[in-house]
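I opened a new structure and kept notes as I went. The entries below follow the order of my look-ups.

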Amino acid sequence: MKPQWVQKDNDTINVMDYAKDTNGAVTAAPKQKAKAAAQKRRRIPDGLAAQERHRRSACRPPEVSPCGAAAYGFLKTRFLPHYTGQAIAGGTEKVDFYRSLKLLCEHYKVKPVDTTGFTYPYGREVALHEAAQLLNRKYPQHIEMEVLEDNGSFAIQATETYYTGNTLFYIPVLPLHYMMQDKKHRKSARLLLCIFSYLFHTVNLPYYTEGSFLYWQYEMVTEWVTNDPDDWEQKEYYDYVSQLRAAQHYGETMLRRLWNPIHLNCFKDWLKTFRPHNGFDKACYAIAEKFYRLWQDYPKTSIYKHADTGCLPDFEDDWYDDYECITMEKYIGFVACTDGWLYENVQQSVNAYFNESVSIQEPLLKRYFDGQVQKSDTLDFECRLFPLLNELCYFLNNYDYET
């Protein structure tokens with residue numbers, strides 16, 4: 001084993017040689033003194049352990065409600081529109097715009113935020129944005145605004161549109177026919193027949209047994225079944241032919257009833273003397289009353305009064321195609337029923353036709369706020385009619401006429 005070297009005070013000492021050197025007296029290790037005796041543990045006085053704890057004070061600090069979540073603050077924040085164009089120092093455009101905006105707000109009875117102090121045209125964008133928010137919250141129809149120029153003058157054009165939501169407003173006829181065969185529901189069915197007569201004569205809804213779009217759809221299904229009877233199983237063939245004959249026969253029967261003027265002439269009297277006895281009668285009475293009020297408010301208004309003509313194709317064009325636009329008579333009208341094999345095929349044929357179209361015709365009304373007196377014409381009739389048609393279809397579709 002090699003010796004280890006330790007440096008201490010600049011003197012070098014050989015550790016191994018130091019361990020071998022035994023000369024000299026060896027000092028004995030000193031004795032450890034005895035530690036002092038531990039003190040005796042004292043007993044805790046009983047009085048300290050028996051002391052009562054401090055009671056809570058009856059006074060409470062006022063409750064402080066916590067702050068709302070940060071996300072709610074974000075949702076309540078209003079973000080104004082962003083405009084990337086250059087500002088305009090002034091001119092007639094700004095004066096014309098705010099004059100037209102004032103007329104628009106007076107007509108629709110809304111009050112957007114004042115943006116006259118903003119830089120133009122940023123103030124224009126903010127004003128249109130705020131006005132659109134107020135109008136769409138107040139009115140059921142959608143109102144879109146744009147600024148138009150005519151010979152150096154500027155004015156706002158408001159376009160009102162009632163969106164139908166790509167819905168088929170097909171009113172079934174067979175449920176009402178079977179309802180009239182039931183003695184318990186005969187008076188209720190008479191009120192619904194008055195509604196049918198009003199929709200057919202005044203609102204001008206098309207009927208599926210006359211020359212209309214729905215008439216041709218039923219005709220195509222009929223030819224498809226009857227022209228090739230060998231392509232069907234015998235049971236299915238008789239079932240399909242039976243449904244087609246029932247739709248044709250009962251449809252013509254109901255059409256003769258609709259032509260009778262007594263249903264419109266006695267609508268008021270029958271509604272006044274009607275006494276509902278159950279929930280079914282109450283539902284019929286409620287729907288009939290709504291349609292009667294609509295008829296009284298608009299005694300001669302048709303569904304096509306405000307139909308948009310701008311989406312129609314040019315009939316004089318050589319490339320004219322009837323598939324381009326879904327006109328209103330194609331998705332509104334009377335059908336035989338809305339269930340069963342027959343309606344499924346009619347609906348498939350209608351959807352296949354609509355898939356080839358590029359636009360849909362809806363109620364539309366335009367207003368130009370250039371200082372001229374505005375017409376009293378509105379889309380209130382359509383805003384009331386379409387929800388009522390949807391309610392009527394729902395009621396008839398849920399009538400169990402098979403029993």
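**Entry 1: Leu258 and its helix**

I started with Leu258, which has its place in helix α9. Helices here are DSSP runs of H or I with at least four residues, strands are E runs of at least two, and both are numbered from the N terminus. I noted that this is a predicted model, where local features need pLDDT of at least 70, side-chain atom pairs count only at pLDDT 80 or more, and totals for chains, interfaces and linings use all residues. Residues are numbered from 1 along each chain as its sequence is written, and side-chain values use heavy atoms, with hydrogens and water left out.

Is Leu258 buried or exposed? I found Leu258 buried, with a relative accessible area of 1%. Buried means under 20% relative accessible area, exposed over 50%, and partly exposed in between (1.4 Å probe, protein chains only).

Next I looked up what Leu258 touches. Contact means heavy atoms within 4.5 Å. Leaving aside neighbours within four places in sequence, Leu258 is in contact with Leu193, Phe196, Ser197, Phe200, His201 and Tyr207. I also checked Leu199, 59 residues away along the chain: its C-alpha is 9.7 Å from that of Leu258.

Then I took the whole helix. Helix α9 covers residues 234-259, 26 residues in total. From first C-alpha to last, α9 reaches 38 Å, close to the 38 Å expected at 1.5 Å a residue. The expected span is 1.5 Å times one less than the number of residues. Buried residues of α9 include Tyr237, Tyr240, Leu244, Gly251 and Leu258. The buried residues of α9 pack against α6 (174-180), α7 (186-201), α8 (213-226) and α14 (340-354).

**Entry 2: Aromatic rings**

I turned to ring pairs. Rings of Phe, Tyr and Trp (its six-membered ring) pair if their centres lie within 6.5 Å; planes under 30 degrees apart count as stacked, over 60 as edge-to-face and the rest as tilted. By this rule I count 32 aromatic pairs. Trp232 and Tyr240 form one that is edge-to-face, 5.3 Å centre to centre with 85° between the planes. Both Trp232 and Tyr240 are buried.

Ring pairs also link Phe196, Phe200, Tyr207, Tyr208, Tyr218, Trp259 and Phe334 into a cluster.

Arg190 lies over the face of Trp270, 4.2 Å from the ring centre. The rule asks for NZ of Lys or CZ of Arg within 6 Å of the ring centre and within 35 degrees of the ring normal.

**Entry 3: Salt bridges**

How many salt bridges does a search of the whole structure find? I got nine. A salt bridge is a side-chain nitrogen of Lys or Arg within 4 Å of a carboxyl oxygen of Asp or Glu.

Arg293 and Glu289 form one, with the closest N and O atoms 3.7 Å apart. They are four residues apart in helix α12 (residues 279-297), so about one helical turn separates them.

Glu391 and Lys290 meet in another, at 3.3 Å, N to O. Glu391 lies in helix α15 (residues 380-397) and Lys290 in helix α12, so this pair ties together parts 101 residues apart in sequence.

Asp297 and Arg384 come to 2.9 Å between the closest N and O atoms of their salt bridge. Asp297 is in α12 and Arg384 in α15, so the pair ties together parts 87 residues apart in sequence. Asp297 is partly exposed at 44% relative accessibility, and Arg384 is partly exposed at 26%.

Last, I noted a network of salt bridges that links Glu93, Arg124 and Glu125.
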